[in-house]
Amino acid sequence: MTTWTRRAAMAGAAALAGAGTAEAQKRFPVLGDPAKAFDTPALRNNRMARAFREPPAGLAVPAVNVERRDGVAPLKLQPGLTLVSLWAPWCAPCLHELGDLAMLQEKFGGRNFRILPILTAPREPITAAEAGFVLKKHKAGVFAPVIDRGPDSKGLFQALSVRETPNGPARPGLPCNLLVAADGTVLARQFGAPMNGMVQGTGEGGKVTAADVAKIGTLWAAPDGEALMKALSRGEIAGGSAARSRPLVS
C-alpha cells in the first residue's frame, strides 16, 4: 500500500466513525422540494426516492475531461438514465455507500440504466490505479475508476454539488448522487449516505464507531433502495421521455 492509500484509509476510517449521527442530520437537514421525476404511484412512499430533491433549474452535467485506466478523455453519458455518484477518498459516507451501490449496479445495471461513480475534489493528487484500490477496498471493484479532471479536479464538485444550507451560504458537499438523463440534464439530486435507521453508538462514552454505522447499513441496500433501482432500470420515472434524449458529447 502506498503512502497515499494509507493516509486515505486512515482518514476515511476516522471520519466514518462519526457518519450518520443525529448531530450530522441536524447540521444538514433535507432541503428543497421532492424530485418531480419520482412522483409516480410506485415511488411516492419510497424512502429512498423521498431522499432525492428537485435540482436547481437548468442544472446539467458540464463538459469536463475524466481519467480512466486507458487515459483522459471527455466525459460522455450513455443513452438512458445514469445515476452519477460523486465521491472522494476523504468522504467517509461516500466510501460507506460505494459497496451498496456496487451491489445495485450488478443487480440492476444494463443498457438503459447504470451507476457511474466519479471521484471528484480529491485533497491530494490521485491516479486511476490508486482510485481503483480504494474502490476495491470498499467492495466496489465492479466499478472502473473514473476521476474528474476538470478545473483543479473539482469541475463536477463545483458545478453539481452546491446546495443550500440552513445557516450560511450555499456550498458544495459530498456524497452527491444525481439522476441524469442522456443529454446531461439532472433530473433529481440527493446528498449524504441515507442510513436505514438511527445509528446507536457503542464506543466509549456512546461514541459512534465504524462498526455501528456498518451494522445499520444504508437505504440503498434496503428494499426501498432496490425498488427505486428497479424502477430506474425500467425507465419508470415521471416525464420518462427525458431518458431517451441524445447522448451527451462533451
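**Ground rules.** I am working from a predicted model, where local features need pLDDT of at least 70 and side-chain atom pairs count only at pLDDT 80 or more, while totals for chains, interfaces and linings use all residues. Numbering runs from 1 along each chain as its sequence is written, and side-chain values use heavy atoms, with hydrogens and water left out.

**Whole chain.** I found eight helices and nine strands; these are DSSP runs numbered from the N terminus, helices being H or I with at least four residues and strands E with at least two. Of the 250 residues, 49% are buried (buried is under 20% relative accessible area, exposed over 50%, partly exposed in between, with a 1.4 Å probe and protein chains only). I also looked at contacts (heavy atoms within 4.5 Å): among those between residues at least 6 apart in sequence, 72% join residues at least 24 apart.

**Aromatic rings.** How many aromatic pairs are there? I get two, counting rings of Phe, Tyr and Trp (its six-membered ring) with centres within 6.5 Å; planes under 30 degrees apart are stacked, over 60 edge-to-face, the rest tilted. Phenylalanine 38 and phenylalanine 52 pair edge-to-face, 5.2 Å centre to centre with 90 degrees between the planes. Phenylalanine 38 is in the loop between H2 and H3, and phenylalanine 52 is in the loop between H3 and S1, 14 residues apart. Phenylalanine 52 also pairs with tryptophan 220, edge-to-face because their planes are at 80 degrees, with centres 6.2 Å apart. Tryptophan 220 is in the loop between H7 and H8, so this pair ties together parts 168 residues apart in sequence. Phe38, Phe52 and Trp220 make one aromatic cluster. I checked burial too: phenylalanine 38 is at 4% relative accessibility, phenylalanine 52 at 1% and tryptophan 220 at 0%, and each counts as buried.

**Charges over rings.** My cut-off was NZ of Lys or CZ of Arg within 6 Å of the ring centre and within 35 degrees of the ring normal. Arginine 123 lies over the face of tryptophan 90, 4.2 Å from the ring centre. Arginine 163 has its charged end over the ring of phenylalanine 191, 4.4 Å from the centre.

Most residues other than glycine have a negative phi, and most peptide bonds are trans. Alanine 121, in the loop between S4 and H5, has a positive phi of about 55 degrees and is buried at 4%. Lysine 139, in the loop between H5 and S5, has a positive phi of about 60 degrees but is exposed at 72%. Leucine 174 and proline 175 are joined by a cis peptide bond, omega about -5 degrees.
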